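Hello,

Here is the structure I promised to pass on to you. My notes on one part of it follow below.

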Amino acid sequence: MPTDHYAALGVPRDASTEDVKKAYRKLARQLHPDVNPDAGERFKEVSAAYEVLSNPDKRRMYDATGSSGGPGGFGGGFGAGGQAFDLGDLFGSFFGGGAARGPVPRAQPGQDALLRLEVDLAEAVFGAEREITVDTAVVCPTCNGNCAQPGTQVRTCDVCHGQGQVQRAARSLLGQVLTTSPCPACGGYGTTIPDPCNECAGDGRVRRRRTLTIRVPAGVDTGTRIQLSGQGEVGPGGGPAGDLYVEVVQRQHDLFTRRGEDLHATLAVPMTAAALGTVVEMETLDGPREVEVRPGTQPAEVVTLRGLGASRLRSGGRGDLHVHIDVQVPKALDDEQAELLRQLARLRGEERPEGRFSPASGGVFSRLKRGFAGGR
């Protein structure tokens, strides 16, 4: 073992205690047996040097006599008969930071809460104010989150004296080491509660049912979440509340189907109305509107009413209402009706029509497909 502890740590003789500590931690990261199994002897040299130079009394003796006293001139070697080494500091030098110091606060942040809210189509399109009932943890009204029965106080832990953790010395291959763990008497809080609050049993919070009024923005859809800051679960010890998320579920409408910002509806008209044209009054979300069926309208054609669709949630404005025309052909005709249609067929030269096959890109099925895909 070298006699020059300063050389072992690579620091000058006038190095400060902080410089000695930094040098040791740097070398300990490199030489610890868990990291470098071949550097065991070197690690012991560095550890012995640190034990002497980090202790003001031993350092003064070493500077004066070249010996720190005790067997072998080094106080019994690393951790043996000298100061114990804190294992938490050692692992902190390897992995950064080390164990948390000090007591754990009783007040902890609360969790977020999730609630589902059903709205009808008109509320989703135009927005609405709704009352909701939530069942969450709130600050205990009796102790106001203090956890102790009114008139009493929390008490500093007699075991850890408010530190929240305790140290134990143990012998190991490295010598005598200290281990740090949460205080078993107070659970790491540094305080105890001799008389817990009767209402919350010392938790600082209780469950309550509350009624809130929320604003449902225009344009929400199924899956949209509305965030209400600070309306979630209050944390243990009366800690700050999390957020409440209200997830929207839009109910089905009897007439309209929603696809994004557009609404779709189907209007059934008789064959004669599609051939001759007509105007049909339709009740929309904005009140009655006229739908013009032009003469010669074909099945699955679409009439678009601009600006009568759903609101856009963030960009403003509204989508369109697409009315899909369903031309209905009569299934049963009396004799007079059948004769009139035969006369019409003769006038149009359609008594024995051969029919025409349309290309796949332009037939009725393509129009139906385009209609259900968006009406365009």
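Let me start with a pair of residues: Thr-304 stands opposite His-322 in strand E16. Strands here are DSSP runs of E with at least two residues, helices are runs of H or I with at least four residues, and both are numbered from the N terminus. Another such pair is Leu-305, which stands opposite Leu-321 in E16.

A word on the background: this is a predicted model, where local features need pLDDT of at least 70, side-chain atom pairs count only at pLDDT 80 or more, and totals for chains, interfaces and linings use all residues. Residues are numbered from 1 along each chain as its sequence is written, and side-chain values use heavy atoms, leaving out hydrogens and water.

Strands E15 (residues 302-305) and E16 (residues 321-328) pair in the antiparallel sense over four bridges; pairing takes at least two DSSP bridges between two strands. E15 has a covered face, Val-303 and Leu-305, while Val-302 and Thr-304 make up its uncovered one.

Both strands belong to an open sheet of four, ordered E11-E12-E16-E15, with mixed pairing. E11 (257-259) and E15 are the edge strands, each pairing on one side only.

Leu-321 is also in contact (heavy atoms within 4.5 Å) with residues including Phe-256, Met-282 and Val-303, leaving aside neighbours within four places in sequence.

Happy browsing!

Methods:
Buried < 20%, exposed > 50% of the residue type's maximum accessible area, 1.4 Å probe, protein only.
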